[in-house]
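I'm starting a notebook on this structure and jotting down what I look up as I go. The sequence and model come next, then my entries.

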Amino acid sequence: MIDYTEKIPNNVDLGRDRVLQRALEHWQPAFLGWWSDMGPNESSNYEVYLRTATSVEPDGWAQFGYVRMPEYRWGIFLQPRDETRQVNFGRHKGQAAWQEVPGEYRSILRRVIVTQGDTEPASVEQQKALGLSCPSLYDLRNIFQVNVEEGRHLWAMVYLLHRYFGRDGREEAESLLARRSGDTDNPRILGAFNEPTPDWLAFYMFTFFTDRDGKFQLCALAESGFDPLSRTCRFMLTEEAHHMFVGETGVSRIIQRTCDVMNEHKIDDPSDVRAMGVIDLQTIQRYLNFHYSVTLDLYGSDVSSNAANYYTSGLKGRFRETKLADDHILSEADYPVWEVLETKIVEKRVPALTALNERLRDDYIGEIEDGVARWQKVIDTAGIPFKLTLPHKGFHREIGNFAGHHISLTGEVLTQDAWKQHEFEWLPSPSDYKYVQSLMSGRVTELGKFANWIAPPIRGINNQPLNFEYIRFN
Ligand SMILES: [Fe+2]
Ligand SMILES: [Fe+2]
């Protein structure tokens, strides 16, 4: 169970290690200072109907209640230890899972944890202003839930840094509060986490696409031979599921509303659709293209000796590593990656160990395809002849084999000029952003009311009705 009587709620017996406890209690006010500067705008007095974990068991989410976000019980929760757990892949396969950091892997492991940790506060910063244009109290509550949980994910990584990496770890924990999303001097580490999230369509796309990258990274780290990392990632994954739910249903509800309006008024021209104050399907497709392509970059280079090294060292596994039926060493296996050869995209087989980023990206794409198919079903059910498509994997990429090339949506290799001519057919244009922004000029806070551009959800949070007071503004 989680001890909420402690200053820092935890299930790791923090009180037994006074030095660590003091170090974290010292970091806590710095975190709260960061939240007050970079957390959701104007929200510190709101009472928000939030869930708080009562235990790390799958049913440990029973606790819903009104909380002022600065008083949210951020803490340290690890899944219970399995004494029999082993390192399940790489050169140490079969050894008992490590309870302390192996000295030889200290710096790469620290890097992995810092890179994961950096994404958590970054997304809160990206979403900071969105509360002021929420489409309903239900949606406002959901974004706040996502925000406080990203804050807790930061706590999860900071605990590991403090507990296992000594002074270096404490310095990294400070830096996690010092970088800022989109800052030119001190940006967040990964590209997608420096992009703005200017409106709610972008927010839902982000939580569908980019939080799902989070899921896949956490799944790979949950396989780690470093057991404390594995145990914390397993608990983080239970929180991540809600973030992806918010994204998928958010986009789905926007599509639903657009389709309803198109049918009601028998219109299909995007400008007619916009005249009704909803978001045309073409613009939704362009947002999809943008968020998909920038998120694909997060998996890193298609061929990567770092990825091979992480794997062989037993630090980062594959998606569902222990469910895969092979030798978990991969010294003989190969894997296909894509390369641009002059004007063609060609397949090339490379050692599987070096292609682990690409493999994780492919696993991710599989899940994305399923989600997009569910959005498509909304359009099909409405009887509207419009097909959402996923861009070619090489489209609009800045990292890996496609970087520096100009790939069309359907995978042709173009010249820069030819690509530029289509840029705003394929990606949101400044006027698309301006239009979407124009719909979201103020917030909708009346009980049970939803903005014109989005359909209500099917049900409320924790079985509450849609007109429930999810936020008390005070
Ligand atoms: Fe997260
Ligand atoms: Fe998340």
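**Entry 1: ground rules.** Donors are N, O and S atoms within 2.8 Å of the metal (3.2 Å for Na, K and Ca), and water is not among the atoms, so sites may look incomplete.

I also noted that this is a predicted model, where local features need pLDDT of at least 70, side-chain atom pairs count only at pLDDT 80 or more, and totals for chains, interfaces and linings use all residues. Residues are numbered from 1 along each chain as its sequence is written, chains are lettered from A and ligands numbered from 1 in the order in which they are written, and side-chain values use heavy atoms, with hydrogens and water left out.

**Entry 2: iron ion (ligand 2).** I looked up what holds this ion. Glu 150 (OE), Asp 211 (OD), Glu 240 (OE) and His 243 (ND1) coordinate the iron ion (ligand 2) at 1.8 to 2.2 Å. The angles among its four donor atoms run from 90 to 173°, and the site is irregular. Along the chain, the donors of this ion follow the spacing E-x60-D-x28-E-x2-H. Distant parts of the chain are linked here: Asp 211 sits in helix H5 (residues 200–222) and His 243 in helix H6 (residues 227–265), 32 residues apart.

Are Asp 211 and His 243 buried or exposed? Both Asp 211 and His 243 are buried. My cut-offs: buried is under 20% relative accessible area, exposed is over 50%, and partly exposed is in between (1.4 Å probe, protein chains only).

**Entry 3: iron ion (ligand 1).** Next I checked the other ion. The iron ion (ligand 1) has Glu 120 (OE), Glu 150 (OE) and His 153 (ND1) as its protein donors, 2.0 to 2.2 Å away. Their spacing along the chain is E-x29-E-x2-H. Which residue coordinates both the iron ion (ligand 1) and the iron ion (ligand 2)? I found Glu 150 doing that, with the two ions 3.4 Å apart. Glu 150 and His 153 share helix H3, three residues apart, about one turn of the helix. Glu 150 is buried at a relative accessible area of 3%, and His 153 is buried at 0%.

**Entry 4: helix pairs.** I then went through how some helices pack. Axes are lines fitted to C-alpha atoms, for helices over the stretch in contact, and angles run from 0 to 180 degrees between N-to-C directions.

The axes of H5 and H6 come within 8 Å and cross at roughly 155°. H5 and H6 are therefore roughly antiparallel to each other; that label needs an angle over 145 degrees, with under 35 being roughly parallel, 65 to 115 roughly perpendicular and the rest oblique. H5 passes H6 in a left-handed crossing. A crossing is left-handed if the near helix is turned anticlockwise from the far one by less than a right angle, and right-handed if clockwise.

Helix H2 (residues 106–126) and H5 have axes that come within 12 Å and cross at roughly 160°, and their crossing is left-handed. Where do H2 and H5 meet? Val 112, Gln 116, Ser 123 and Gln 126 in H2 meet Phe 206, Gln 217, Leu 218 and Leu 221 in H5; contact means heavy atoms within 4.5 Å.

Helix H1 (residues 18–38) packs on helix H3 (residues 137–164) at about 150°, axes 11 Å apart. H1 passes H3 in a right-handed crossing. Among the H1 residues that meet H3 are Trp 27, Phe 31 and Trp 35.

**Entry 5: single residues.** Last, I picked out a few positions. Ser 293 lies in helix H8 (residues 281–296) and is buried, with a relative accessible area of 1%. Leaving out residues up to four places away in sequence, Ser 293 touches Phe 395, His 396 and Arg 397.

Asp 362 is in helix H10 (residues 356–381) and is partly exposed at 23%. With the sequence neighbours up to four places away left out, Asp 362 touches Tyr 335 and Lys 393.

Glu 57 is in the loop between strand E1 (47–52) and strand E2 (63–68), and counts as partly exposed at 41% relative accessibility.

Conventions: Four donors count as tetrahedral if all angles lie between 85 and 135 degrees; four count as square planar and six as octahedral if opposite donors are over 155 degrees apart and all others between 65 and 115; anything else is irregular. Helices (H or I, at least four residues) and strands (E, at least two) are DSSP runs, numbered from the N terminus.
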